[in-house]
Amino acid sequence: MGACGGKLTEEQLRNKRIETEMAKDKIVDESKIKILLLGAGESGKSTLFKQMKILFTALKNFTDDERESFVDVIHGNILSDMRAVITYAEEKGELAGDPNVEAIKKWEKRKRLRNEEKQILNSVWTNEVIVNIWENRGHVQVQDALEYYMDRIEQVCQPGYSPTNEDILRSRVRTTGVVQEKFQMGEARFEMYDVGGQRNERRKWIHSFENVTTVMFVAAVSEYNQYLYEDNNKHRQEEAVELFRQQLCSQWFLDVPFILFLNKKDLFREKLPKIPFKVTEGDEQRNIDFQGPECEMDRSPPYNTDGSDSSFENCYDAALEYLKDIYVSQQDDLPVARKAGIYTHFTNSTDSENVERIMNSCKDIILRIQLSKFGWVHNN
């Protein structure tokens with residue numbers, strides 16, 4: 001029998017409270033601004049994730065313990081990348097008999113660097129063979145940050161070294177699984193999910209796809225001449241474009257807007273006068289339909305890349321627009337119908353001011369889309 005006088009039993013009241021809480025949780029979950037950070041390995045997306053921690057979390061910085069933990073990461077990055085360059089040189093039959101090279105090869109993989117190691121590292125880094133390989137490292141699996149760290153090797157090897165924010169931003173810890181962080185930008189609260197970009201990590205992405213508000217896809221424009229960590233015959237640029245297209249076609253994202261970060265524009269600016277953007281012959285063909293203008297290799301006098309040389313800036317702008325068009329045009333002939341747009345930004349994820357400015361712009365886009373989703377504004 002039911003409760004007398006229409007009163008609810010204790011069990012019915014408890015069930016009703018549970019149902020009310022579940023309904024509230026559903027509303028909160030559906031209104032949550034959930035950002036999924038995607039991109040191929042080495043694109044710089046995890047650097048962007050670390051920038052968000054600095055700029056938009058309550059702490060707005062790294063703790064002393066976190067900085068201490070990054071010492072091992074940074075020293076490990078330097079050693080592994082230096083070994084990768086050395087190995088490549090030796091495979092080419094170079095660097096034979098250099099005692100400093102032999103010393104580095106004998107060091108432990110997770111060695112803490114000291115002043116004694118600084119001299120050895122500098123000697124190898126300035127070796128003409130290593131300099132040439134570094135300038136033409138398309139097939140060498142190293143981080144671009146090695147040059148930055150070697151420029152700071154004096155500080156990095158000091159006793160009591162505490163990494164700066166930029167040191168940490170440039171460090172590399174390969175993302176495995178899914179990493180979540182909550183951010184606040186003004187009055188808006190976001191949840192961002194960073195997932196591993198290497199091929200063997202992508203199968204895990206699907207667990208992060210539900211109720212996504214926005215996908216932020218990061219692609220490195222500087223990698224036009226570089227090859228995959230997993231496949232040394234596959235261009236990173238080609239892989240990134242294919243991955244972007246796959247995500248545009250995903251059933252999870254057909255009505256989800258994409259914010260495309262064409263990242264590492266600073267490295268792209270450095271590389272463009274030295275490494276041909278367009279190659280039409282041989283095994284290194286790339287960007288064969290680029291119409292230019294192109295940088296003249298070995299130009300004398302060399303280009304000024306500080307923004308003052310209009311001939312270089314024309315080449316730089318044209319190449320960036322070409323890359324942007326490659327990505328954005330992927331939506332033109334998809335086998336499925338997409339209902340959301342693509343918003344594009346050129347970024348340098350190690351530049352805090354650049355990231356903060358662009359993320360505030362993205363915040364406005366995301367909030368407008370979210371309000372439109374609930375019928376509160378018209379998203380024109």
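The expected span of a helix is 1.5 Å times one less than its number of residues. Helices (H or I, at least four residues) and strands (E, at least two) are DSSP runs, numbered from the N terminus. Let us apply the rule to helix H10. With 14 residues at 1.5 Å a residue, H10 should span 20 Å, and its end C-alpha atoms are 20 Å apart, which agrees.

Please keep in mind that this is a predicted model, in which local features need pLDDT of at least 70, side-chain atom pairs count only at pLDDT 80 or more, and totals for chains, interfaces and linings use all residues. Residues are numbered from 1 along each chain as its sequence is written, and side-chain values use heavy atoms, with hydrogens and water left out. As for pLDDT, this is the predictor's confidence in each residue, from 0 to 100. The protein averages 86, and 88% of the residues score at least 70. Confidence is lowest in helix H1 (residues 10-31), with a mean of 68, and highest in H12, at 97.

I turn to the overall architecture. The protein has 13 helices and six strands. The six strands form an open sheet of mixed pairing, in the order E2-E3-E1-E4-E5-E6. Two strands count as paired if DSSP finds at least two bridges between them. Strand E2 (178-185) and strand E6 (342-346) stand at the edges with a single partner strand each, so one side of each is left without a neighbour in the sheet. From one strand to the next, the twist averages 25°; axes are lines fitted to C-alpha atoms, for helices over the stretch in contact, and angles run from 0 to 180 degrees between N-to-C directions.

Within this sheet, strand E4 (residues 214-220) and strand E5 (residues 258-263) pair in the parallel sense over six bridges. Val215, for instance, has Phe258 of E5 as its bridge partner.

Which strands does helix H10 lie across? Helix H10 (residues 236-249) lies across strand E1 (33-39), E4, E5 and E6, and runs at about 170° to E4. Helix H12 (residues 310-328) also packs on the sheet, where it touches E4, E5 and E6 and makes about 155° with the direction of E6. Contact here means heavy atoms within 4.5 Å.

Next, the interior. Buried means under 20% relative accessible area, exposed over 50%, and partly exposed in between (1.4 Å probe, protein chains only). Of the 380 residues, 48% count as buried. In H10, the buried residues include Ala240, Val241, Leu243 and Phe244, and what covers the buried residues of H10 includes E1, E4, E5, H12 and E6.

A nonpolar core is a set of buried Ala, Val, Leu, Ile, Met, Phe, Trp, Tyr and Cys residues joined through side-chain atoms within 4.5 Å. The largest has 40 residues, and Phe268, Leu272 and Phe277 have the most contacts inside it. H12 gives the most to this core, with ten residues. Apart from it lies another core of 31 residues, among them Leu121 and Trp134.

Finally, some backbone details. The peptide bond from Gly292 to Pro293 is cis, with omega near 5°, and the bond from Ser300 to Pro301 is cis, with omega near -5°. Pro293 is found in the loop between helix H11 (265-271) and H12, and Pro301 is likewise in the loop between H11 and H12. Lys264, although not a glycine, has a positive phi of about 65°. Lys264 lies in the loop between E5 and H11, and its relative accessible area of 15% makes it buried.
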